[in-house]
Amino acid sequence: MAEFYQPGSKPVPILSVREINKSFGSNSVLCGITLDIYPGEVLALIGGNGAGKSTLVKSIMGIYKPDSGRIFIGGEALEFSKPAVSLNKGAYLIPQEPMLFPNMTVEQNVLMGFQGKKTALRSKLNDVVKQLGWKLDLSRSARTLSIAEQQLVEILRGLLREARILFLDEPTSALTFDEVNALFAIIENLKKKNIGIVYITHRLNEVFMIATHVAIMRDGIITISGRVEEFTREMLVKGLLPGDFSERLPAEKTGGRMTEGEKPVFELRDFNGYGFADINLRIYPGEVLGLCGVVGAGRTELAMTIFGRDEAISGQVLLDGKDISGMKTNDIIKRGVNYVPEDRFLNGIFRISTLAGNLSSACLDSLSKFFLDFAAERNIAEKYVSDFRIKATGIRQEMGSLSGGNQQKVVIGRSLSTTPRLVILDEPTRGIDAGARGDIYAIIGELKARNVAVLLISSDMEEIVELSDRAMTMFQGRINREFSKEEINQDNLMRASFGVYKENKA
Ligand code: ADP
Ligand code: MG
């Protein structure tokens, strides 16, 4: 006999989680998580990176084994660490990046892995699609599907399994605006079919658009939960902040050297592109402008467009007062703009395979011509290896064999071997250890000392607080707030990044 949760007259939750604990080694990731979801409810689960949201979902799906606690699906206790059991009881996780077979049709992809008669399955699938009123041609080849449509295929697969509770883990991070709306229409539809949904997101506006309930997770604990109507955005933002946040003062910093009447090194005027709009900003010599925002706010799109990788729609890009809008990336580099993307592989570092090659100025030119002065290269490389404490066996070491932190030091440090005017750093220390982080901060200090303008894109608010002379926040493709040095603190940045303005009383 299966163990039943809460017998009696009360409706049975589709999902009940009771006092779940889970550690990875000494890291307690889930600390006594308890929650219930009833048919037709959409629970938005929000929380910062590392809060434990994905771990919770994976524990319910049988991918991870909780250390203690109970989980019930439809009132029946779940055996831990058995993915097949979780699936059979009706839990289904829509992967963030669906993995479909591109050469197969939608139908073949959905039916993949199901036992039983194909004809019966096919008619069941057609019923599900018809019932939901979805317009998706099942004979289309999967390669022609957008990511949103691929997610739809995953949802169909879940429904065909008669899933009663669906988990969507940050499903919209790769979707366009229209695709998000399409997904939300589908979720509305599923609500009406009494499916339960756990929707993990970092976008607060989505909470108010689709969720019936909301829970905030922080450091493995659900700190706040309830019906969405009970909350304002402001309350949710507050719930996301660690307790002692607002009291903390911004750290002392050495200021940018913007003086009265000084000319900006870099300026954007009414700059519009794909993923951002109406951007106006200036960066002065030796100034670090921090650009904060949540994933998907449009910061990387902005950087890629400044760098000439994406096409702008309208507006002006000025470097030392000269209009460089519409130039090709190579010409933009020659004028003194450097962009270090979050993904180092995109930056072509592995096109030039050795450490020395990367550290010399020839490296940036070599994107257009092949000329290397090996003696000069050696001198520069040896200087930077010692200055930046790059850990390598020698200057001929292959880039690919350096640690992530050391690769990043090379990529940022090499901009010093040219005479850059503007350096754009996109998440320069993500995934890097504390020691390398300090070295990268020192390199940024060196850029400032040389009067370079630095645009620092970071989701790490502490980093923005630590390094910026001025900061802006981007929200849904627009700059929504600018902060002077005195106003830069995590509380202000966090609120503005989530689209909540805190009125600064003068
Ligand atoms: P979220 O989804 O809220 O961003 P996660 O559940 O992914 O958070 O991670 C919570 C914490 O658990 C993090 O500190 C992460 O490093 C740790 N963690 C997650 N998965 C593993 C794993 N397989 N092994 C070790 N630690 C893990
Ligand atoms: Mg996660």
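Tutor: Start with serine 54: one of its polar side-chain atoms lies 2.9 Å from an oxygen atom of ligand 1. That is a polar contact (a pair of N or O atoms within 3.5 Å). This is a predicted model, where local features need pLDDT of at least 70, side-chain atom pairs count only at pLDDT 80 or more, and totals for chains, interfaces and linings use all residues. Residues are numbered from 1 along each chain as its sequence is written, chains are lettered from A and ligands numbered from 1 in the order in which they are written, and side-chain values use heavy atoms, with hydrogens and water left out.

Alanine 51 uses its backbone: an N or O atom there lies 3.2 Å from an oxygen atom of ligand 1. Asparagine 27 brings a side-chain N or O atom to 3.3 Å from an oxygen of ligand 1. Around ligand 1 (a heavy atom within 4 Å) sit Phe24, Asn27, Val29, Gly48, Asn49, Gly50, Ala51, Gly52, Lys53, Ser54, Thr55 and Tyr64.

Now the helices (DSSP runs of H or I, at least four residues, numbered from the N terminus). Packed pairs are described by the angle between the axes and the distance between them. Here axes are lines fitted to C-alpha atoms over the stretch in contact, and angles run from 0 to 180 degrees between N-to-C directions.

Take α5 (residues 147-160) and α6 (residues 177-192). Their axes come within 9 Å and cross at roughly 15°. That makes α5 roughly parallel to α6 (angles under 35 degrees). The crossing is right-handed (the near helix is turned clockwise from the far one by less than a right angle). From α5, Ile147, Ala148, Gln151, Leu152, Ile155 and Leu159 make the contact, with Glu179, Leu183, Ile186 and Leu190 from α6. Contact means heavy atoms within 4.5 Å. By class, eight of these residues are nonpolar, one is polar and one is charged. Ala, Val, Leu, Ile, Met, Phe, Trp, Tyr, Cys and Pro count as nonpolar, Asp, Glu, Lys and Arg as charged, and the others, Gly among them, as polar.

Helix α5 also meets α4 (residues 118-132). Their axes come within 10 Å and cross at roughly 115°. This crossing is right-handed. Leu121, Lys124, Leu125, Val128, Val129 and Leu132 of α4 face Leu156, Leu159 and Leu160 of α5. That contact has eight nonpolar residues, no polar ones and one charged.

Further along, α14 (residues 404-413) packs with α15 (residues 434-449) at about 5°, axes 10 Å apart. The two are therefore roughly parallel. Gly405, Gln408, Lys409, Ile412 and Gly413 of α14 touch Ala436, Asp439, Ile440 and Ile443 of α15. Four of the contact residues are nonpolar, three polar and two charged.

Notes. Parallel < 35°, antiparallel > 145°, perpendicular 65-115°, else oblique. Polar contact = N/O pair within 3.5 Å; in protein donor to acceptor, adjacent residues only side chain to side chain.
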